[in-house]
Amino acid sequence: IASLDGIDREVFGPVLHILRYDPEKLDETAANLADKGYGLTLGVHTRLDSFIARVQAAVPAGNVYVNRSIIGAVVGVQPFGGEGLSGTGPKAGGPYTLIRFASERAVSVNISAQGGDPALLNL
């Protein structure tokens with residue numbers, strides 16, 4: 001795409017947006033991308049760890065793929081979900097999936113208060 005102006009909604013594909021940008025304007029480009037509000041997946045191709053860190057810090061995305069020719073979380077190991085207008089966070093597929101849907105509760109019962117057997121309390 002010629003500019004980020006061409007992105008006005010989230011499209012599920014297979015769709016690949018490729019954007020050329022001026023390396024001197026990386027921070028501006030990343031900020032403009034973040035302003036779009038979508039953050040399901042971001043793909044980056046680079047050999048520079050510092051570049052990955054800058055882009056990842058500037059653009060919120062649920063999944064960031066670096067130097068991968070395919071996308072997709074590793075089921076059961078990595079969470080999958082977006083940020084902003086793209087979902088509600090990493091809610092599916094990761095090792096903590098079930099914990100996100102569970103609520104912890106505690107129930108304490110005094111069995112001697114209503115005619116229970118106090119001997120049971122000493123077990």
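Predicted model: local features only at pLDDT ≥ 70, side-chain atom pairs only at ≥ 80, totals over all residues.
Let us begin with Phe 51. Beyond its neighbours within four places in sequence, Phe 51 contacts Tyr 21, Leu 26, Val 44 and Thr 46.

Let us now turn to H2 itself. Which residues of H2 are buried? They are Phe 51, Ile 52 and Val 55. Because these three span an arc of only 100 degrees around the axis, they lie on the same side of H2. In general, an α-helix has 3.6 residues a turn, so residues three or four places apart point the same way. The cover over the buried residues of H2 includes H1, strand E2 (41-44) and strand E3 (63-66). What does the face turned away from the buried side of H2 carry? On that face are the exposed residues Asp 49, Ser 50 and Ala 57.

H1 and H2 are also linked through charged side chains. The structure holds 1 salt bridge. In this salt bridge, the side chain of Asp 27 meets that of Arg 54, with 3.1 Å from N to O. The pair joins distant parts of the chain, since Asp 27 sits in H1 (residues 26-35) and Arg 54 in H2 (residues 49-58), 27 residues apart. As a general point, side chains of opposite charge can pair when their charged atoms come close. Are the two partners buried or exposed? Asp 27 is exposed, at a relative accessible area of 51%, and Arg 54 is partly exposed, at 41%.

Let me place these details within the whole chain. The protein chain contains 3 helices and 4 strands, and from the N terminus on its elements follow the order α-β-β-α-β-β-α. Of its 123 residues, 19% count as buried. The accessible surface of the chain is about 9600 Å², and carbon and sulfur atoms account for 56% of that surface. Among contacts between residues at least 6 apart in sequence, 33% join residues at least 24 apart.

How values were computed: Residues numbered from 1 in each chain as written. Heavy atoms only, no water. Helix = DSSP H or I, 4+ residues; strand = E, 2+ residues; numbered from the N terminus. Buried < 20%, exposed > 50% of the residue type's maximum accessible area, 1.4 Å probe, protein only. Contact = heavy atoms within 4.5 Å. Areas by Shrake-Rupley, 256 points an atom, 1.4 Å probe, with all protein chains shown as cover. Salt bridge = Lys/Arg side-chain N within 4 Å of Asp/Glu carboxyl O. Arc of directions from axis to C-beta.
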